[in-house]
Structure formats: structure tokens, C-alpha cells
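Here is a short tour for anyone meeting this chain for the first time. Have a look at the picture, then read on.

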Amino acid sequence: NDSPTSVAPTATLADVRAAASASGHLRILVLGDDPREAGVVHVRDTLLEDDGEPVSAHRRDAYVIDGDKLVHEVLREMQERGVQLAVVVQQGQLLGLVTMADIIARVLPQSRDPEHAA
């Protein structure tokens with residue numbers, strides 16, 4: 001399954017925890033009909049809360065980027081905003097997610113040559 005782990009905007013915190021448990025992810029996408037209005041909830045923000053509480057109480061606006069944006073621009077903007085995750089959208093369609101770790105791995109690839117290993 002290549003689609004990002006997500007819950008609906010009407011989900012409860014129990015749904016968020018179940019999605020996190022099933023996927024192993026700590027940040028869960030809150031995704032409705034328009035991916036440009038996506039949100040994110042971090043599981044740590046839900047741990048002491050009631051299972052029936054709506055996800056909307058802990059949802060933060062996601063950092064949404066256009067699929068054509070250059071990787072160095074995304075890296076700079078993510079650093080400036082202090083975010084670890086971006087939702088990638090093109091022409092109103094969700095393309096996927098990118099994390100700070102994904103970007104760093106892209107711009108600073110690890111050498112596979114043992115002579116160049118630190």
C-alpha cells in the first residue's frame with residue numbers, strides 16, 4: 001500500500017492511535033476531500049487524552065507543497081517552519097508525503113564506498 005497513513009477529519013483519537021499502531025508512524029495525516037487542507041496529528045499529543053476525543057482537537061495544519069517545488073526550496077522552508085513532514089500536492093491531487101529525513105537523504109546521499117565512510 002503506497003498511500004500515506006491517514007485518518008478522516010471526523011476520526012477520534014482512538015482511530016489515530018490505531019493507525020499509528022498498524023503503520024508504525026508517529027505522525028498521522030488527517031485527510032479529507034481536499035489534500036491542500038490536510039492536517040497532521042502527532043501521536044505523542046494524544047497519549048493522555050480520551051479515546052473518543054475528536055482528532056480536530058489535536059490536528060495541526062500540514063505544510064502543503066506543490067509537486068514542482070525544488071528540493072532545496074522545500075528543505076529551506078521546512079527548516080524555517082520547523083516541520084518534519086510535508087504533504088505533496090499537484091493539481092489538487094495528493095502525490096504523497098516527504099519528510100525532512102527523505103530530503104536530507106536526497107541532498108546528502110550516503111556513500112556506499114567503504115573507503116569514503118567516516
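This is a predicted model: local features need pLDDT of at least 70, side-chain atom pairs count only at pLDDT 80 or more; totals for chains, interfaces and linings use all residues.

## Before we start

## The chain at a glance

The chain has three helices and seven strands. Starting at the N terminus, these elements follow one another as β-α-β-β-β-β-α-β-β-α. Along the principal axes, the C-alpha atoms fill a box of roughly 55 × 35 × 30 Å.

Of the 118 residues in the chain, 32% count as buried. Now take the contacts with a separation of 6 or more: 40% of them are between residues 24 or more positions apart.

## The four-stranded sheet

Let's begin with the sheet made of E1, E2, E3 and E4. It is an open sheet of four strands, arranged in the order E1-E2-E3-E4 with mixed pairing. Strand E1 (6–7) and strand E4 (60–61) each have a single partner strand, so one side of each has no neighbour in the sheet.

How do E1 and E2 pair, in the parallel or the antiparallel sense? E1 and strand E2 (residues 27–30) pair in the parallel sense, over two bridges. In one of the bridges, serine 6 has leucine 29 of E2 as its partner. Helix H1 (residues 13–23) packs on this sheet, where it touches E1, E2 and strand E3 (39–42). The direction of H1 makes about 125° with that of E2.

## The three-stranded sheet

The other sheet to look at is also open, with three strands in the order E5-E6-E7 and mixed pairing. Its edges are strand E5 (63–66) and strand E7 (93–99), each of which pairs on one side only. Neighbouring strands here are turned by 35° against each other on average, direction ignored.

Strand E6 (residues 85–90) and E7 run antiparallel and are joined by six bridges. Leucine 85, for instance, has threonine 99 in E7 as its bridge partner. Helix H2 (residues 71–81) packs on this sheet and touches E5, E6 and E7. The direction of H2 makes about 165° with that of E5.

## A closer look at H2

Which residues of H2 are buried? They are Val74, Leu75, Glu77 and Met78, and these buried residues pack against E5, E6, E7 and H3. Glu77 makes the list because its relative accessibility is 14%, and buried means under 20%. Just after H2 comes glycine 82, which takes a positive phi of about 70°.

Arginine 76 itself is partly exposed at 41% relative accessibility, while glutamate 80 is exposed, with a relative accessible area of 60%. Salt bridges with shared partners join Lys69, Arg76, Glu77 and Glu80 into one network.

## Another salt bridge, and a nonpolar patch

In total, the structure holds eight salt bridges. One of them links aspartate 61 with arginine 59, with the closest N and O atoms 2.8 Å apart. Aspartate 61 is exposed, with a relative accessible area of 65%, whereas arginine 59 counts as partly exposed at 27%.

The surface has a nonpolar side as well. Val71, Ile104, Val107 and Leu108 form a nonpolar patch there, with about 310 Å² of accessible area together. Leucine 108 sits in the segment after helix H3 (100–107). Is leucine 108 buried or exposed? Its relative accessible area is 57%, so leucine 108 is exposed.

Definitions and conventions: Residues are numbered from 1 along each chain as its sequence is written. Side-chain values use heavy atoms; hydrogens and water are left out. Two strands pair if DSSP finds at least two bridges between them. Axes are lines fitted to C-alpha atoms, for helices over the stretch in contact, and angles run from 0 to 180 degrees between N-to-C directions. Contact means heavy atoms within 4.5 Å. Patches are made of residues with over 30% relative accessible area and no salt bridge: like charges are joined within 9 Å, nonpolar side chains (Val, Leu, Ile, Met, Phe, Trp, Tyr) within 5 Å. Accessible areas come from the Shrake-Rupley method with a 1.4 Å probe; for residues, only the protein chains shown count as cover. A salt bridge is a side-chain nitrogen of Lys or Arg within 4 Å of a carboxyl oxygen of Asp or Glu. Buried means under 20% relative accessible area, exposed over 50%, partly exposed in between (1.4 Å probe, protein chains only).
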